[in-house]
Amino acid sequence: MSCDAPPSTEDLMPRRSRYDRGQTCIKCKSQRGNLVIKHTVYCSSCLPAMLVRKFRRALSTSLDPAAPSRGTPSRTPPPDVILGLSGGPSSVVLLDLVWKCFSAQGSGRKDERRQVGKVRAVHIDWSCLGRASLVESLKENCDHYGIDFTVVRGEEAFEPAWRNAVGLDGSAADAHIDLSSARLPFVPSLAGPSDPVATLRAHLRSLPTPTSVPATLHTLTRLLLLHTASSSDCSVLMLGTSLPRLSIDLLETVAYGGGFALGAEREEIVRTSRGDVKIVRPLRDWSLKELGWWLYSRQLSVPRGVNGKPTQALAPTGGKTIGKLTEDFVIGLERDYPSTVSTISKTAAKVVPAEEAAYTCAYCLRPAQKDATRWKAGTAIMSLPFLITNAATDPLTPPKTPPLPAEKGLADSLCYSCYTHLTARGGTGAGKIPALASNGGLVTLGEAGMPMPVWVQQKLTEEEMRESIGGFLLEDE
Amino acid sequence: MEDEKTITVKLVFGGGVEVLFSNKRNQSITIPAQAPASGSHPSRPADLRYLILWMSESLLTDRKELFVDGETVRPGILVLVNDTDWELEGELDYELQKGDEVVFISTLHGG
Amino acid sequence: MAPPRTCALCQTARPIVRRPKTGQQVCKECFFHVFETEVHNTIMSAKLFKPGDRVAIGASGGKDSTVLAHVMKVLNDRYDYGLEMYLLSIDEGITGYRDDSLESVKRNQQEYGLPLKILSYDELYGWTMDAIVEQIGRKNNCTFCGVFRRQALDRGAAALNVDHIVTGHNADDIAETVLMNIMRGDIARLGRCTLICTQGEDSIKRSKPFKYAYEKEIVMYAYFKKLDYFSTECIYSPDAYRGHARVFLKDLEAARPSAIIDIIHSGEAFQIGEAVELKAQQTCKRCGYMSSNDLCKACTLLESLEKGMAKLATGDRNRRRLDEEPAPENMRTIPMFHRATPAEPAAAP
């Protein structure tokens, strides 16, 4: 049936030649070009200035959209910035560019340097999951640039002490949920305090599809970065997301059902307990070639090799995850249809959420839609309760009960995609991630429920609080 | 070592792709000056198509899929010939010259 | 000995399939029941129909529309929708494809006792797809076919004096279209493509009751109900770009079956930002069909065919060249579009 939608001319997207005009640089119009970027040819003398301009422009748009493009310095003090470094090529380029543009030893003009305040860097280390540690080489890198460097271990997401360290409310007990019920009710944890690495592994191991594992690690990394930023009083978190990576992340978000927060994937402001943190991605217009050129021309070394992805050890057997499929798809498209990658990013910039956000997701802190998790449960009938209750009457009467059980649970405070990661079943290599199966620690699931990261807490609603203390209230407040 | 039957070129690796090549960022290699026929391509003077094939057979030990994709390099690897984008030099069809420097920079992973 | 497995829904019968949408093992009767009930729920929650509505089922003879005709008939009887239903088929004029599939539509007509209307490209436009492909080759022909089919369906519906066309677009089609529109930056279509029901001014409503039905389950339903359908793909193959999106979607589904429904949810969750302007709709000066330009797309394409310039017909830049070319004598045009308003019903066919 798909041919019913009238295709447009763009469907056909013929391959074009790699560059439009001659081989001469479009800027100086005298040198022979060295690099083709989007069909335009640049020489190696004109490239650095062009790339620095691109970086500054994207950063200004993100930091201060209303400000005039140059000249008049802003009256408000510049924000303190924390760089989230993965150790991959683009984070190495980000570090170098920030140094070049904002340090006293760099090449930026004095007024341009004032765009940001103090700069520091943080890396989330997942070596507890069997990945080679990049801490030493990243520290060396940051020392070289004179930038303060902090390491946060991934398992700290399950470390109660860390919760206090970053200023999160630490009064509630660690949350555990029951995955067997669609509302994800909270259950008392039977296990005593346990090792955070074991708890992290138990969390990942309980995810019902392997494809949720890298997605969850991505979210955990994002939250660890955010809380670190706010606890170090940095209001800006800068990430080295390149254009193809952004397009991959955007399509991945769509595939997880996260369309409501699509814009957040480009740029977002997250409210944490200690203040707002803005996430900016100043390399979001950079193609892979531009990144490669910068690495090459500045002789930068990349700590994380091409086979060092954090998810490598967590790849399911017998199939690819949605993240990997999307990456292969987008990078493959870039070769045959080069404009697609930037189109995806532009499309995401043009759409807005279809309704007001109802609340903030307890897991990922992104805006969530009212009843999205109920919508999900309603698209597929998973049980036939009416067959039992209405057995005497017509068994074909449609169900009148809401699709979700009536009890309260974490489902009510999750966004659609976090709910999906916790509940969607089936699919490639279901449950088969060798690295998680072995060496699992002491937590036994089923009895103890699925442990949640320390920022996910069982919050009583105001109504429930009133109910529980109702007898003691003297008058209606 | 080099005579008319062979050609020596310099290879440079960066962006993390060097881990596939014994972690060496620079290598000098000598390959036959004449590429044997392969697939639909007849025997011809050594070109980048042949160099990539030669590298995947002679230099890469394992994880070839992180470097090659069919007869070309994996998407996301920048190729420069004497500091110039290979797209300006004819890509796979570029004929290697003595002393050429060919750069492979991986950019894909990260974020 | 392990206990015998039972259906995850009724807990009694022996399961015969693993449901593609949920992964549950279910028995045949429960599968039929949940499949039909989910379509019913989709129809009810979108309030698609009211009693007395005259509805045309777009019938191609393929699996989606064959199952749709069957399920619409079942639900209309079971829940007393009170619909008057018709089958509407478009004959694109593709030898060895549409002529065969129309035979299966005719068999469906017999079985369900629904009146059938067939409208051909040949009678409406004076061109068959075979003749179009002969002139323009295989490269752009899907553009012609899509534009022509859309208008033909509306005109067939007007002739049947129905208010509403239901089509067999399934969840996979919609998810694929969401991906395509994101990848092409087609913001206007992105906003529209997840709507269950669309209605242009002056036009007939079009709905997709299978919006949340998985393609695999439609095939499964047809198989177990032994429905008679025609299963060959169009011989003029669709474009490569859409093919990429389709393969990608199937891979995503394999990695996680809920991905299809999740993509549709994403598509429903965002809308077009205010800054994006959409073209206002008007009616075509030549044939009266709704259009965003002076001439509707079908009239433009038909003119290019008549002038023998159909290879140029797509793209604004070529529009001027088309205008400069003198019209051939007896140039065929599309008859004027007349649509009876509900207040003045046209004579029943």
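This is a predicted model: local features need pLDDT of at least 70, side-chain atom pairs count only at pLDDT 80 or more; totals for chains, interfaces and linings use all residues.
1. Conventions. Residues are numbered from 1 along each chain as its sequence is written, and chains are lettered from A in the order in which they are written. Local features need pLDDT of at least 70 and side-chain atom pairs count only at pLDDT 80 or more, while totals for chains, interfaces and linings use all residues; side-chain values use heavy atoms, with hydrogens and water left out.

2. Chain A overall. Chain A has 16 helices and 13 strands; these are DSSP runs numbered from the N terminus, helices being H or I of at least four residues and strands E of at least two. Of its 477 residues, 54% are buried, where buried means under 20% relative accessible area, exposed over 50% and partly exposed in between (1.4 Å probe, protein chains only). Taking contacts (heavy atoms within 4.5 Å) between residues of chain A at least 6 apart in sequence, 76% join residues at least 24 apart.

3. Nonpolar cores. A nonpolar core is here a set of buried Ala, Val, Leu, Ile, Met, Phe, Trp, Tyr and Cys residues joined through side-chain atoms within 4.5 Å. The largest one holds 98 residues, and the members touching the most others are Phe55(A), Leu83(A), Trp286(A) and Ile263(C). Helix 2 of chain A (residues 89-102) gives the most to this core, with 9 residues. Another core, of 53 residues, lies apart from it and includes Leu225(A), Cys234(A), Val277(A) and Val456(A).

4. Surroundings of Trp286(A). Leaving out residues up to four places away in sequence, Trp286(A) touches, among others, Leu51(A), Phe55(A), Val93(A), Leu97(A), Pro244(A) and Trp294(A).

5. An open, mixed sheet of 6 strands runs in the order 5-4-3-7-9-8; two strands pair if DSSP finds at least two bridges between them. Strand 5 (148-153) and strand 8 (268-272) are the edges, and each has a single partner strand, so one side of each is left without a neighbour in the sheet. On average, neighbouring strands are turned by 25° against each other, direction ignored. Within the sheet, strand 3 (residues 81-84) and strand 7 (residues 236-239) of chain A are parallel over 4 bridges, and Val81(A) has Val236(A) as its bridge partner.

6. Helices on that sheet. Helix 4 of chain A (residues 135-145) packs on the sheet through strand 4 (119-125) and strand 5, and its direction makes about 160° with that of strand 5. Angles run from 0 to 180 degrees between N-to-C directions, with axes fitted to C-alpha atoms, for helices over the stretch in contact. Helix 7 of chain A (residues 212-231) touches strands 3, 4, 5, 7, 8 and 9 and makes about 70° with strand 8.

7. Contact between chains A and B. In this pair, 36 residues of chain A are in contact with 33 residues of chain B. The two chains bury about 3000 Å² between them, 55% of it on carbon and sulfur atoms; buried area is the accessible area (1.4 Å probe) that two parts lose on being put together, summed over both. The count of salt bridges is 3, each being a side-chain nitrogen of Lys or Arg within 4 Å of a carboxyl oxygen of Asp or Glu. Asp85(B) and Lys289(A) form a salt bridge at 2.5 Å, N to O.

8. Strand 1 of chain B. Because 8 of its 9 residues are buried, strand 1 of chain B is largely enclosed by the rest of the structure. It pairs in the antiparallel sense with strand 2 of chain B over 7 bridges, with Leu11(B) and Gln27(B) as bridge partners. With strand 9 of chain B (residues 101-106) the pairing is parallel, over 5 bridges, and Gly14(B) stands opposite Ile105(B).

9. Helix 9 of chain C. This helix (residues 215-224) is mostly covered, with 7 of its 10 residues buried, among them Ile218(C), Met220(C), Tyr221(C) and Phe224(C). The buried residues pack against strand 1, helix 1, helix 2, helix 7 and helix 10 of chain C. Lys226(C), which follows the helix, has a positive phi near 55°.

10. Backbone points to check. Most residues other than glycine have a negative phi. Ser22(B) has a positive phi of about 55°; it lies in the loop between strand 1 and strand 2 of chain B and is exposed at 57% relative accessibility. Lys47(C), with phi near 50°, is in the loop between helix 1 and strand 3 of chain C and is exposed at 69% relative accessibility.
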